[in-house]
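I opened this model to look at its core, its sheet and its charged pairs. My notes follow the structure.

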Amino acid sequence: MHEENGIVYSDNPEEMLTVLEIKHLYSGVYLIKFSNGSIRLFDSSILEGEVFEKLKDPDVYENPSMEYGIVTWDNGQIDCSPEYMYENSYEYNTKEVISA
């Protein structure tokens, strides 16, 4: 049980997941370090819909950036939640720190 802003909750608060580092590897595949310490591979080809159409352009997908722990592309016009990226990525077994 925990209290937050005067409200008592029955479970423990979960820390928000954020992206600490991202590195483009090839063709929209990224190596991502998350705030929980995991390093994972994410393939952006699973992102579908009109909002993600620009990610087919190498000039866009090769240049991700981060805003407040969230990955963005195209000057912040496209983003993807850290939780979605984590849940739809694959564990990458290394202790090596990546750099963007």
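I note for the record that the model is predicted. I looked up the largest nonpolar core and found 17 residues in it, with Tyr-30, Ile-32, Leu-47, Leu-55, Trp-73 and Met-85 touching the most other members. At least two core residues come from each of strand E3 (19-26), strand E4 (29-34), helix H1 (58-61), strand E7 (70-73) and strand E8 (78-80). E4 gives the largest share, 3 residues. I then listed contacts of Tyr-30 beyond four places in sequence; among them are Ile-22, Leu-25, Leu-41, Phe-42, Tyr-61, Pro-64 and Trp-73.

Entry 2, sheet. I traced an open sheet of 4 strands, ordered E3-E4-E5-E9, with antiparallel pairing. E3 and strand E9 (90-91) are at the edges with a single partner strand each, so one side of each has no neighbour in the sheet. Between E4 and strand E5 (residues 39-43) I found 5 bridges. Leu-31 lies opposite Leu-41 of E5.

I got a count of 2. In one, Lys-56 pairs with Glu-53, with the closest N and O atoms 3.2 Å apart. Lys-56 is exposed because its relative accessibility is 62%, and the cut-off is over 50%. Glu-53, at 41%, is partly exposed. Asp-74 and Lys-54 also form a salt bridge, at 3.0 Å from N to O. This pair links distant parts of the chain, 20 residues apart: Asp-74 is in the loop between E7 and E8, and Lys-54 in the loop between E5 and H1. I have Asp-74 as partly exposed at 23% relative accessible area, and Lys-54 as partly exposed at 48% relative accessibility.

Conventions: Residues numbered from 1 in each chain as written. Predicted model: local features only at pLDDT ≥ 70, side-chain atom pairs only at ≥ 80, totals over all residues. Heavy atoms only, no water. Core = buried A, V, L, I, M, F, W, Y, C linked by side-chain atoms within 4.5 Å. Buried < 20%, exposed > 50% of the residue type's maximum accessible area, 1.4 Å probe, protein only. Contact = heavy atoms within 4.5 Å. Pairing = 2+ DSSP bridges. Salt bridge = Lys/Arg side-chain N within 4 Å of Asp/Glu carboxyl O.
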